[in-house]
Amino acid sequence: MTNVSLFSLEAVYVLTGVTLLIFALMTFADSTNPRRVGSGCFWLTLGVVFMFGGVAPHWLTGLLVLFLVALDGFGKVGRGRVETDPVKQAEHARRLGDRVFIPVLAIPIATFAFALVFRRFGMDANRGALVGLGFGGLAAMFVCLKLTRSDARALMNEGRRLNEAMGAVNILPQLLASLGVIFTAAGVGSVIAQGIQRIIPADNLFLLVLANCLGMALFTSFVGNTFAAFPVIATGVLVPLIVKPFGVNPAMAAIITLTAGSSGTLMSPMAANYNIVPAALLEMRDQYGVIKFQIPYALTLWSFHVLLLWLLIKIS
Amino acid sequence: MNIQDLLKLAGVAIIVVGLALRLRTTLVVVVAALVTGLVAGLPLFSHEGFFQHLPYLTKPGQTGVINTLGKAFADNRLMTLFIITLPAIGLAERYGLQERSANLIRKIRAATVGRLLIIYQLFRALHGLMGIRIYGHPSFVRPLIFPMSAGAAQSSDTDSIEKIKAANAAAENYGFFYPQNLSPVQAGILLVYGVMQGIGLTVSVWDLVKYSIPIVVASIIFAVAQFSWLDRALGKMAEAKR
């Protein structure tokens, strides 16, 4: 633990871990939550992984991850009931006015400020942004307490409410990134890459870019989620067939590939939250009405992704 | 390509089938990871410490799937850092964050549905730039944008209203999906950063933001085109009624 200084990423992880531990203790005590033990264990375990993930042996962290997923898989993670008082809330809103935006704005401001300071002192600006996010969150807590004259208990309880509303899906990006690492270790990417190479000549950049963006959009529309598709396409197509052989800027290729997938989201009933739920909320006659409206836009923007990626590689 | 190679795709199949059946996403992803590792011949645990003495669970010289999972999960904690921002955002919500945002939306003065949706989409892009994630369908579109666009509509027959509803939801999706990548600490950017790191390529989150700018600009231009076309279509529908 020698390299844990105050403004390090590890320090921010510990702070986040502490926040999660507090959430967990409150959940254990929440009698309105029918699954409070399972939920409490979930957030407690995640908190422990946050605090000690940097020093704990990997097998132990791995087993804790399996425990987290088992809790969620068996439906043991749930949320409590929250009582909201719309009248009181409207009254608060009137009293604070637009000052309520101050704590929320503190977070992006801290993120950028830390990144700039890190860059100024020759340190990693990626790390700076993340450390800034952590301390921005902490600073926002203090600003918010000062502004609303609430106590720390109310603060943490509101954080817990939001966290539980999102639920176990919170750890999904972390799990998907891990899936990508295991796919790489197992050589899944090279199997997919070999399959594509049977159809497309390795030197035909345009067809490879087309296959990459098409694969991303199709996979996304099957699973309804760009995040689940990205690790597969990145390890199987983008990196082995485009980035490495053509010496392409990986940041440019990766982010364009990610949003090429968003066209798949716009056209897929699997992305229910974005396409089906809104149709229901708006009481539309046709539950696929949103998707139908989005199809021409999605196809146009997808084609733009293909052309942009191809052109940016050509001119660089 | 031999059979063992094809078996490695089992994990990809598990993801597609599991998510299509709407099984618990976290479980599907981890089962896919474990199965992929095992069919590729990786052991469950690394050959070290007391695991060396356990039969079947380890293979000398190979890293275990569970060790890889643990290391990757710990390395990618950065993707879940946003949890530390939740107390402040939650308390601000309790003190009227949504109400004040709604207030800003109500101040939009637009002559037509299409123009209203263009402004709304830009408003959502601003959220993305500030790194604020909101699921806007229930909080903005249904209670505010829909009544406002119904009010601005040239005609109010059922076909026009159905089109307006679809366009409302689309404006929210367009304004959410693409501009969120303008913030270096949003989930999408961090996922790409982490996955590329896992493949062995270090990218800068700032470069990811930079290269998403042309996409965001295009996403807005195409939306302006579609919403202007919507205005024209609604005008024609109103004329046909007359």
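Colleague: Hello! What makes up chain B, and how many helices and strands does it have?

Modeller: Chain B has 11 helices and zero strands. A helix is a DSSP run of H or I with at least four residues, a strand is a run of E with at least two, and numbering starts at the N terminus. Read from that end, chain B goes α-α-α-α-α-α-α-α-α-α-α.

Colleague: Why is chain B called more spread out than a compact globule?

Modeller: We compare the radius of gyration, taken over C-alpha atoms, with a globule rule of 2.2 Å times the number of residues to the power 0.38. For 242 residues the rule gives 18 Å, and chain B comes out at 24 Å, well over that, so the chain is more spread out than a compact globule. Its C-alpha atoms fill a box of roughly 85 × 45 × 30 Å along the principal axes.

Colleague: What should I know about the model and its labels?

Modeller: This is a predicted model, in which local features need pLDDT of at least 70, side-chain atom pairs count only at pLDDT 80 or more, and totals for chains, interfaces and linings use all residues. Residues are numbered from 1 along each chain as its sequence is written, while chains are lettered from A and ligands numbered from 1 in the order in which they are written.

Colleague: Which domains does chain B have, and how far apart do their centres lie?

Modeller: The bounds come from an automatic or database domain assignment. For chain B that assignment gives domain 1 (3-75) and domain 2 (80-241), and their C-alpha centres lie 38 Å apart.

Colleague: And which helices and domains are found in chain A?

Modeller: Chain A has 14 helices and zero strands. It is divided into domain 1 (9-171) and domain 2 (187-315), with 31 Å between the centres taken over C-alpha atoms. Along the principal axes, the C-alpha trace of chain A spans about 65 × 60 × 40 Å.

Colleague: Why is A:L68 called buried?

Modeller: A residue is buried if 20 or more other C-beta atoms lie within 10 Å of its own, exposed if 12 or fewer, and partly exposed in between, with C-beta atoms placed from the backbone. A:L68 has 24 C-beta neighbours inside 10 Å, so it counts as buried. This residue lies in helix α3 (residues 58-73) of chain A.

Colleague: What does A:L68 touch?

Modeller: Two residues are in contact if their C-beta atoms, placed from the backbone, lie within 7 Å. Not counting residues up to four places away in sequence, A:L68 touches A:F42, A:T45, A:L46 and A:I171.

Colleague: How do you know that A:L282 is buried, and where is it placed?

Modeller: A:L282 has 21 other C-beta atoms within 10 Å, so it is buried. Its place is in the loop between α13 (272-281) and α14 (289-315) of chain A. Leaving aside neighbours within four places in sequence, A:L282 is in contact with residues of chain B: B:R142, B:F146, B:K165, B:N168 and B:A169.

Colleague: How many residues does each chain bring to the contact between them?

Modeller: Chain B gives 106 residues and chain A gives 120 residues. On the side of chain B that touches chain A, the largest share, 13 residues, comes from helix α11 (residues 205-241) of chain B. That side divides into 65 nonpolar, 28 polar and 13 charged residues. Nonpolar means Ala, Val, Leu, Ile, Met, Phe, Trp, Tyr, Cys and Pro, charged means Asp, Glu, Lys and Arg, and the others, Gly among them, are polar.

Colleague: What makes a group of residues a nonpolar core?

Modeller: A nonpolar core is a set of buried Ala, Val, Leu, Ile, Met, Phe, Trp, Tyr and Cys residues joined through C-beta atoms within 7 Å. Of the 175 residues in the largest such core, A:A254, B:A167, B:V192 and B:L208 touch the most other members. Helix α11 (residues 226-246) of chain A supplies the largest share of this core, 13 residues. Among the partners of B:V192 are A:F230, A:A254 and B:L208.
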